[in-house]
Amino acid sequence: MHERWTGKLKKAWGAVWEFVWLFVFGTFLDKRTAAIRKEAWDMNDNVMLLLFGDYLGLPNPVSYYTLEILPYLAEDMLPWQRRIMNRQSVVAEKAAQYDFT
Amino acid sequence: MEKMNRPFTFFGGKGGTGKTTCSAAYAAMLARRGCKTLLVSTDPAHSLSDIVGAALDNTVRPIRENLWGIEIDAAEEARRYIGEIQDKMLAIVSPVIVDEIKQQMEIAYTSPGSEEAAIFDKFVELMDTLGNPYEAVVFDTAPTGHTLRLLSLPKILGAWIENLIAKRRKSVALFEMVGKFDKDLMKRAVNDPVIESLTRRQQRFERSRAYLTNPEASAFFFVLNAERMPILETARAVELLEKFGISVGGLVVNRIIPPEAGDFFADRLAAQEEYLQEIERRFGGRKILRLPLLRSDVRGMEQVGAVADLMESLSL
């Protein structure tokens, strides 16, 4: 009986803690880190472009050697291709990073 | 006399000038002196088997005492390399993704330069085995343009990879910053296998550059005939190699028509004399070895030995 109650209490405490954390994260942290996160992904996309540009039709003199990196980035490959092919305006993309409010 | 002047010797030049014969003769000469020598052919149209009179293929085979030979099969090397990557990929990501990006792998496999890259990889691999048991490696390289591209790879790629590593580092650092609040992103930042893999590749280029640009470790010899086009092409090639810091050891002027050839060659002899002078003028100061035109094609180790005797006269 006693154990069941502590279990429930723990669960409830976990839910409260998660709520508080998400609130703090969403209110104070997320927006602040969004710019960095965006920058990180952009940089990552650039690295992908340097490594695997030949899949988009940009000749890469060393596609043979970059192939050995493919296993580590295989998961990123298709989303990256979709992203890079669907880019509309670089200006708008950059502007979206800034918080004008 | 010393057994050898340097561990790595390259023979290059226009197609049909007798590169393979010269490299075989040079290797035979080293082997005769008791130096354990490996003879490597990188020419896609292999003729080494024919000349040494032994069946050679993509693995190192003995030819005679102190002499081994290999004909690099670029296509097979590339196949093996891609196979290894596919195995690695299956271990890391799900088969669905592997299936989806199979097409990309095909592109890389058939892209121009992949054969050169495969040959270059094998080059470095063979150079790394120096000392067990080979004391010298003689490379019979493919016709000029191809070879130059091959040898210029380390310098160009070294800079490129450096840049790539720097970019990846930056992106990983950024992931680390935001990763404090996001476990998924943090996973990308720790022990990045991409940087590791790129660094390994960079070290490999560095090593091959160190081999190729050290005149005590390697030298490049051009084989040419006393004719106009080969002279021009050799001049260009020498210039390019020196630009990349690869030491050019000297020239082998092959198939010189001997004066006793008879009336039929009288005009050619006169022209040849002019070209020989031009070679002397253009490439003066380098070792120049003159080999006469022989009565027949060089076939089998006996005849290669005869050419080796001629080479002995000038210590290349």
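Chain B is built from twelve helices and eight strands; helices (H or I, at least four residues) and strands (E, at least two) are DSSP runs, numbered from the N terminus. This is a predicted model, in which local features need pLDDT of at least 70 and side-chain atom pairs count only at pLDDT 80 or more, while totals for chains, interfaces and linings use all residues. Residues are numbered from 1 along each chain as its sequence is written, with chains lettered from A and ligands numbered from 1 in the order in which they are written. The average pLDDT of chain B (the predictor's confidence in each residue, from 0 to 100) is 83, and 92% of the residues score at least 70. For the complex, the predictor gives an ipTM of 0.74 and a pTM of 0.78.

Let's start with the sheet. Its eight strands form an open arrangement in the order β3-β4-β2-β5-β1-β6-β7-β8 (chain B), with mixed pairing. At the edges are β3 (61–64) and β8 (287–292) of chain B, each pairing on one side only; two strands pair if DSSP finds at least two bridges between them. Further in, β1 (residues 8–12) and β6 (residues 218–225) of chain B pair in the parallel sense over five bridges. If you look for B:Phe11, you will find its bridge partner, B:Phe221, in β6(B).

Now for the helices around it. Helix α10 (residues 228–243) of chain B lies across β6 and β7 (248–256) of chain B, and runs at about 165° to β6(B). Elsewhere, α1 (residues 19–32) and α12 (residues 300–312) of chain B pack at an angle of about 80°, their axes 8 Å apart. Axes are lines fitted to C-alpha atoms, for helices over the stretch in contact, and angles run from 0 to 180 degrees between N-to-C directions. α1(B) is therefore roughly perpendicular to α12(B), a term for angles of 65 to 115 degrees. Among the residues that meet here are B:Ala24 and B:Met29 in α1(B) and B:Val304 and B:Met311 in α12(B).

Finally, turn to the partner chain. In all, 34 residues of chain B are in contact (C-beta atoms, placed from the backbone, within 7 Å) with 30 residues of chain A. The largest share of this side of chain B, eleven residues, comes from α7(B). By class, the side of chain B that touches chain A has 22 nonpolar, six polar and six charged residues. Here Ala, Val, Leu, Ile, Met, Phe, Trp, Tyr, Cys and Pro count as nonpolar, Asp, Glu, Lys and Arg as charged, and the others, Gly among them, as polar.

Methods
Two residues are in contact if their C-beta atoms, placed from the backbone, lie within 7 Å. Angles under 35 degrees count as roughly parallel, over 145 as roughly antiparallel, 65 to 115 as roughly perpendicular and the rest as oblique.
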